[in-house]
Amino acid sequence: MLVPFLGVSAPAQATLVPPPMQSLRAALHKMVVRFPASTAVEVMDLGTGYHIGYNAGAVMPAASTIKVPVMVEVFRDAFNSIIA
């Protein structure tokens, strides 16, 4: 049985969680409780510093090493599209 913990953290000066983050938290909860395996997700809004997560502090082994070259290519494509 999975017991989800979805928390929202924010900078000390902010008191209201933006509605998009509230919606994302609800959608994330619905998604991860269906997974049959251990799951950890964290999403952070770089503009506000708000972040939401599910088992965000859990230590998870890497599923594969293919992620590194795939992300290198993603970043290369993104960079090339910016300078093109």
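Helices (H or I, at least four residues) and strands (E, at least two) are DSSP runs, numbered from the N terminus. This is a predicted model, in which local features need pLDDT of at least 70 and side-chain atom pairs count only at pLDDT 80 or more, while totals for chains, interfaces and linings use all residues. Residues are numbered from 1 along each chain as its sequence is written, and side-chain values use heavy atoms, with hydrogens and water left out.

**Salt bridge**
- The structure holds one salt bridge, meaning a side-chain nitrogen of Lys or Arg within 4 Å of a carboxyl oxygen of Asp or Glu.
- Glu-73 and Arg-76 form this kind of pair, with their closest N and O atoms 2.9 Å apart; the two lie three residues apart in helix α2 (residues 67-83), and are therefore separated by about one helical turn.
- Glu-73 is partly exposed at 36% relative accessible area, and Arg-76 is partly exposed at 45%, where buried means under 20%, exposed over 50% and partly exposed in between (1.4 Å probe, protein chains only).

**Thr-39**
- Thr-39 sits in the loop between α1 and β2 (41-44) and is buried, with a relative accessible area of 8%.
- A polar atom of the Thr-39 side chain lies 3.0 Å from the backbone oxygen of Ala-37.
- Beyond its neighbours within four places in sequence, Thr-39 is in contact (heavy atoms within 4.5 Å) with Val-32, Tyr-54, Asn-55 and Met-60.

Conventions: A polar contact is a pair of N or O atoms within 3.5 Å; within protein, one must be able to donate a hydrogen and the other to accept it, and residues adjacent in sequence count only if both atoms are side-chain atoms.
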